[in-house]
Amino acid sequence: MKDLLTYIVKNLVDNPDAVQIEEKVSDYETVYEVRVAEGDMGKVIGRQGRIIKEIRTLMRSVAKRQGQRVSVEVLD
């Protein structure tokens, strides 16, 4: 799951070396915290949040097939 998210985000940004993804696992959900370079924040979020919304939808779909729950957060 983390590899998929890393692949998606690194292909969206101009500075893929600055991408950091932390995985926090709890009893019922896995939270992925995404950090990117300051100039790439808009590319990950998109206009009116459309891109991050689609990334979240995709990740939830893959997780559901595996019987898991995930959420994706973009941090400053």
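I started with helix α1 (residues 2-12) and looked up its buried side: L5, I8 and V9 are buried there, where buried means under 20% relative accessible area and exposed over 50%, with a 1.4 Å probe and protein chains only. These three cover an arc of only 90° around the axis, so they sit on the same side of α1; the arc is that of the directions from the helix axis to the C-beta atoms. A reminder to myself: an α-helix has 3.6 residues a turn, so residues three or four places apart point the same way.

This is a predicted model, in which local features need pLDDT of at least 70, side-chain atom pairs count only at pLDDT 80 or more, and totals for chains use all residues. Residues are numbered from 1 along each chain, and side-chain values use heavy atoms, without hydrogens or water.

Next I turned α1 around. The face away from its buried side carries the exposed residues D3, Y7 and N11.

What covers the buried residues of α1? I found that the cover includes β1 (20-25), β2 (30-35), α2 (41-45), α3 (50-65) and β3 (70-75), with contact meaning heavy atoms within 4.5 Å.

Then I read the fold along the sequence, and the pattern is α-β-β-α-α-β. Helices (H or I, at least four residues) and strands (E, at least two) are DSSP runs, numbered from the N terminus.

Last, I looked at the whole protein. Buried residues make up 32% of its 76 residues. Residues 24 or more positions apart account for 53% of the contacts with a separation of 6 or more. The C-alpha atoms fill a box of roughly 35 × 20 × 20 Å along the principal axes.
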